[in-house]
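Reader: I have a chain open on my screen and a few questions about how it packs. Can we go through it?
Author: Go ahead.

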Amino acid sequence: MQNLRLPLVAGLATLCFVLAGCSSKVADTTQYSGFLPDYSRLKASESPSGHDTLRWVSPDFKLSDYRGIYYTPVVYYPAAKPTARVSQATLDQVRGYLDQQLKSAVAQRKALVNQPGPGTLTLKTAITAVNAENQDMKFYEVVPVAAVVASTMAASGHRTQNSVLFLEVQLLDTKTGKPVVEVVRKAYGKTVPNSNAPINLTELKSGIDEMVRDVVTFPAQ
């Protein structure tokens, strides 16, 4: 009986280890970039598309109180450096595509102004990481033997991964300089086959598009 229990205990221990490494649907504190001045007031919430996100909205904020939005180009924060998986060309394409789509979405909500001034908002957006992480465990993997196999695959780099784009967004009252909306968004794209596969705009595009649709449908009076 004791010999039978040993594999089970080992399998359950491995299962706990693997589950602890499963990806979170929102960014955790270690993934904050410092782009936003204060992360303590962010609360877990759901986007219009049903995507988990972290958000804070000033209780006094009403979009209708402002005549327009001064849009600032999307930046990388901290400055992005190409890697073996994410080339400089991909970094440029991701930033360019997000910038174009986000600006168009914002313009659907409020008129864009050429310069900041009274009665306007200023939008600042940063891409804080372009990454990939192991997929969450599937139901059929949550048994001791399969968990051992899955953990071995993850350790060897052969496990399927989700492409991920991390975004931090701040909307400011231009006159006061105080934030009225702050968001930290973890946008999932398509899967890549393993930890060595390159990440391109093609994989990240769906995550960007979903986030942009949420901007258009975000409920702000």
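Reader: Leaving aside its neighbours within four places in sequence, which residues is Leu165 in contact with?
Author: This is a predicted model. In it, Leu165 touches Val94, Ile127, Ala129, Val130, Arg185, Lys186, Ala187, Leu204 and Ile208, with neighbours within four places in sequence left out.

Reader: Which residues have the most contacts inside the largest nonpolar core?
Author: Ile127, Val130 and Leu165 do, in a core of 36 residues. Strand 3, helix 2, strand 5, strand 6, strand 7 (179-192) and helix 4 each give two or more residues to this core. Helix 2 gives the most, with seven residues.

Reader: How far does helix 2 reach from its first C-alpha to its last?
Author: It spans residues 88-109 and reaches 32 Å, close to the 32 Å expected for its 22 residues.

Reader: New topic. How many helices and strands in the chain?
Author: Four helices and seven strands. From the N terminus the order is α-β-β-β-β-α-β-α-β-β-α.

Reader: What share of the chain is buried?
Author: Buried residues are 43% of the 221. The accessible surface is about 12000 Å², and 57% of that belongs to carbon and sulfur atoms.

Definitions and conventions
Residues are numbered from 1 along each chain as its sequence is written. This is a predicted model: local features need pLDDT of at least 70, side-chain atom pairs count only at pLDDT 80 or more; totals for chains, interfaces and linings use all residues. Side-chain values use heavy atoms; hydrogens and water are left out. The expected span of a helix is 1.5 Å times one less than its number of residues. A nonpolar core is a set of buried Ala, Val, Leu, Ile, Met, Phe, Trp, Tyr and Cys residues joined through side-chain atoms within 4.5 Å. Buried means under 20% relative accessible area, exposed over 50%, partly exposed in between (1.4 Å probe, protein chains only). Contact means heavy atoms within 4.5 Å. Accessible areas come from the Shrake-Rupley method with a 1.4 Å probe; for residues, only the protein chains shown count as cover.
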